[in-house]
Amino acid sequence: MKKVAVIILNWEGEKLLREYLPKVIATTDPELADVIVADNGSNDGSVRLVSEEFPTVKLHRFLRNHGYADGYNRAIAEYRDYPITVLLNSDVAPGEGWLQPLVDFLEANPQAGACQPKVLSYREPERFEYAGACGGYIDRNGYPYCRGRLFADCEIDHGQYDSIAEVFWATGAALAIRTDLYLEAGGLDPEFFAHMEEIDLCWRIKLMGYKIYAVPQSVIYHLGGGSLPANSPRKTFLNFRNNLVMMHKNLPDNVRWRRLFVRRLLDMLAWIRFVFARDWDNAFAVWSAHRDYVRMKREYKSTHPKEDLLVGRPNIVVQYFIKGRKKFSDLVMPGKSAR
């Protein structure tokens with residue numbers, strides 16, 4: 001049995017597979033890992049492409065689309081015998097030797113539950129990519145940000161974040177995780193369907209006592225927006241809703257109401273901005289996200305932890321929009337570790 005299952009979840013992604021799968025095969029040591037495509041009930045030519053043109057790739061077929069979260073849960077359960085699993089997006093071109101540093105780090109650091117590579121833009125390889133950059137954090141109001149990316153501002157990579165660092169979350173674009181820990185933690189929350197699900201998973205793993213790291217000696221190039229464009233109302237809906245649900249699930253009783261009250265006020269400001277821009281679709285998406293959150297939160301009544309992992313974290317909204325700090329290195333931190 002090889003050490004690693006590199007699992008690419010695919011749905012209607014024939015074009016992406018044709019472009020990126022050869023790059024994954026070429027840069028992945030076949031002695032170390034099996035490359036697996038888990039197809040989420042595609043009706044395009046994805047299955048034929050993989051089965052006929054990539055015979056070294058294992059193909060696992062689902063009869064219907066289970067979404068990103070549950071699709072991965074089902075695929076990883078099928079390949080649970082691999083000690084390490086890498087969740088790899090279908091629009092990722094890994095750099096040469098990308099996998100070994102991630103595996104070496106997890107094997108050398110038993111307290112590490114998961115880690116990620118440095119994520120650069122496929123279109124602008126000198127720049128960090130939005131989805132994970134060089135390791136993810138979260139502010140006191142639940143806003144994700146990264147080494148190399150604050151909100152939509154992605155920095156040029158000058159090697160400024162090339163040190164291994166403990167982070168709050170690792171990107172789902174290339175998430176290397178201990179397979180048994182993934183299953184023990186319950187995997188990705190299928191109610192999320194897509195977006196924010198890897199942050200929620202990392203939050204739960206940290207509450208279990210493990211740590212998350214960025215290992216920039218491994219590099220990938222991510223297209224981003226391969227499934228939904230950045231301005232998609234569907235993406236707006238999922239991001240806003242899932243962020244609220246994630247906070248509701250993972251915050252303790254004594255702070256949850258206060259933190260969510262502030263966050264919902266900030267979301268109202270985002271809704272007002274969409275209204276003034278006459279972007280009715282995204283304004284409706286924000287409203288729908290809050291409506292759906294009210295429904296969904298009832299499902300998580302008994303799962304709340306006792307530890308507040310957001311205590312002492314910075315306010316990114318104030319630092320970015322009011323104080324004009326546009327780089328991760330410019331942020332003023334309250335002096336707490338990533339844990």
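A: Helices (H or I, at least four residues) and strands (E, at least two) are DSSP runs, numbered from the N terminus. This is a predicted model, in which local features need pLDDT of at least 70 and side-chain atom pairs count only at pLDDT 80 or more, while totals for chains, interfaces and linings use all residues. Residues are numbered from 1 along each chain as its sequence is written, and side-chain values use heavy atoms, with hydrogens and water left out.

F193 has a relative accessible area of 34% and is partly exposed, a class that lies between buried (under 20% relative accessible area) and exposed (over 50%), with a 1.4 Å probe and protein chains only. H195, at 19% relative accessibility, counts as buried.

S163 is in the loop between strand 10 (153-154) and strand 11 (165-167). With a relative accessible area of 44%, S163 is partly exposed. Leaving out residues up to four places away in sequence, S163 touches R147, A214 and P216, where contact means heavy atoms within 4.5 Å. S163 and R123 are 40 residues apart in sequence, and their C-alpha atoms are 24 Å apart in space. S90 belongs to the loop between strand 4 (84-88) and strand 5 (92-94). S90 is buried, with a relative accessible area of 16%. Beyond its neighbours within four places in sequence, S90 is in contact with I8, L9, L16 and Y20.

I8 and G159 are separated by 151 residues in sequence, and by 28 Å in space from C-alpha to C-alpha. V6 has its place in strand 1 too, which covers residues 4-10. At 0% relative accessibility, V6 counts as buried. V6 touches T28, A33, D34, V35, I36, V86, L88, W98 and L99, with residues up to four places away in sequence not counted.

The cysteines need a separate note. There are zero disulfides in the structure, a disulfide being a pair of cysteine sulfur atoms within 2.5 Å. C146 is in no disulfide, and the nearest cysteine sulfur, that of C154, is 8.1 Å away. C154 is likewise in no disulfide, its nearest cysteine sulfur being that of C146 at 8.1 Å. C146 is buried, with a relative accessible area of 0%, and C154 also counts as buried, at 17% relative accessibility.

The whole chain gives the setting for these parts. The protein chain has ten helices and 13 strands. Its C-alpha trace spans about 55 × 40 × 40 Å along the principal axes. The radius of gyration is 19 Å, which agrees with the value near 20 Å that a compact globule of 339 residues would have; it is taken over C-alpha atoms, and the globule rule is 2.2 Å times the number of residues to the power 0.38. Of the 339 residues, 59% count as buried. Among contacts in the protein chain with a separation of 6 or more, 76% are between residues 24 or more positions apart.
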